[in-house]
Amino acid sequence: MLLLTRKAEFSAAHYYYVDAWTPEENLRLFGKCANRNGHGHNYTLEVTVAGEVDPVSGFVMDLKALKDTMEREVVQVYDHRHLNLEVPEFRTALPTTENIAVAIWRRLQGKIHGARLHRVRVYEMPDLFADYYGEP
Ligand code: NI
């Protein structure tokens with residue numbers, strides 16, 4: 001088995017705010033991120049697939065196809081968007097790094113052919129990232 005990773009980048013805005021909480025509670029947990037006007041990040045996405053190397057092509061899968069799928073299913077939907085306001089999955093879940101990784105997994109699941117989706121990693125900042133390995 002071999003793991004192969006492809007990266008992509010997107011920029012997006014978000015904020016963290018739980019409507020059921022008081023403004024003070026939101027500020028206590030989320031700090032500046034609770035400002036509902038939002039703020040931006042440059043996200044890095046890493047999608048890792050698992051498979052065997054085809055002895056003839058030398059590939060695990062068609063990497064152009066993987067890039068195209070990431071572009072179509074994720075980058076075109078998230079890039080230069082306000083995640084809370086414009087991306088459907090974040091109307092009901094806060095666009096935290098964790099939830100973004102889960103949402104991207106769900107967007108990619110079943111759309112990658114020739115290899116198995118192994119991990120979705122989302123960097124929100126150089127020192128912060130979330131890894132998702134799918135539902136157990
Ligand atoms: Ni943020």
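Predicted model: local features only at pLDDT ≥ 70, side-chain atom pairs only at ≥ 80, totals over all residues.
Colleague: Let's start with the overall plan. What is the order of the elements in the protein chain?

Modeller: From the N terminus on, the order is β-α-β-α-β-α-α-β-β. That makes four helices and five strands. The C-alpha trace spans about 60 × 30 × 25 Å along its principal axes.

Colleague: How much of the protein chain is buried?

Modeller: Buried residues account for 43% of the 136 residues. The accessible surface of the chain is about 8000 Å², and carbon and sulfur atoms hold 54% of that.

Colleague: Which residues coordinate the nickel ion, and what spacing do the donors follow along the chain?

Modeller: The nickel ion is coordinated by NE2 of His14, NE2 of His39 and NE2 of His41, at 2.0 to 2.1 Å. Donors have to lie within 2.8 Å of the metal, so these atoms qualify. Along the chain, the donors follow the spacing H-x24-H-x1-H.

Colleague: Why is His41 called buried, and what is His39 called?

Modeller: His41 has 13% relative accessibility, and buried means under 20%, so His41 counts as buried. His39 has a relative accessible area of 25%, which lies between the limits of 20% and 50%, so His39 is partly exposed.

Colleague: On to the aromatic residues. How many aromatic pairs does a search of the whole structure find?

Modeller: The search finds seven aromatic pairs. One of them joins Phe10 and Tyr43, and this pair is stacked.

Colleague: What makes the pair of Phe10 and Tyr43 stacked?

Modeller: Their ring centres are 5.0 Å apart, and a pair needs centres within 6.5 Å, so the two rings pair. The angle between the planes is 20 degrees, and planes under 30 degrees apart count as stacked, so that is the label. The pair also links distant parts of the chain: Phe10 belongs to strand S1 (residues 2-14) and Tyr43 to strand S2 (residues 39-51), 33 residues apart. Both Phe10 and Tyr43 are buried.

Colleague: And why is the pair of Tyr123 and Phe129 called tilted?

Modeller: The centres of Tyr123 and Phe129 are 4.7 Å apart, with 45 degrees between the planes. Stacked needs under 30 degrees and edge-to-face over 60, so a pair at 45 degrees is tilted. Phe129 has a relative accessible area of 39%, between 20% and 50%, so Phe129 is partly exposed.

Colleague: Which residues form an aromatic cluster with Phe10?

Modeller: Phe10 forms one aromatic cluster with Tyr43, Tyr78 and Phe90.

Colleague: Thr44 lies in strand S2. How do you know whether Thr44 is buried or exposed?

Modeller: The relative accessible area of Thr44 is 16%, under the 20% limit, so Thr44 is buried. Leaving aside residues up to four places away in sequence, Thr44 touches Lys7, Ala8, Glu9, Arg121, Val122 and Tyr123.

Colleague: Where is Tyr16 found, and why does Tyr16 count as buried?

Modeller: Tyr16 is in the loop between S1 and helix H1 (23-30). At 11% relative accessibility, Tyr16 falls under 20%, so it counts as buried. Beyond four places in sequence, the residues that Tyr16 touches include Asn26, Phe30, Cys33, Leu94 and Glu124. Tyr16 and Cys33 are 17 residues apart in sequence, with their C-alpha atoms 5.6 Å apart in space.

Colleague: One last residue. What phi does His80 have, and why is His80 called exposed?

Modeller: His80 has a positive phi of about 60 degrees, although it is not a glycine. Most residues other than glycine have a negative phi. His80 sits in the loop between helix H2 (63-78) and strand S3 (81-82). The relative accessibility of His80 is 64%, and exposed means over 50%, so His80 counts as exposed.

Notes: Residues numbered from 1 in each chain as written. Heavy atoms only, no water. Helix = DSSP H or I, 4+ residues; strand = E, 2+ residues; numbered from the N terminus. Buried < 20%, exposed > 50% of the residue type's maximum accessible area, 1.4 Å probe, protein only. Areas by Shrake-Rupley, 256 points an atom, 1.4 Å probe, with all protein chains shown as cover. Donors = N, O, S within 2.8 Å, 3.2 Å for Na, K, Ca; no water. Phe/Tyr/Trp six-rings, centres within 6.5 Å; stacked < 30°, edge-to-face > 60°. Contact = heavy atoms within 4.5 Å.
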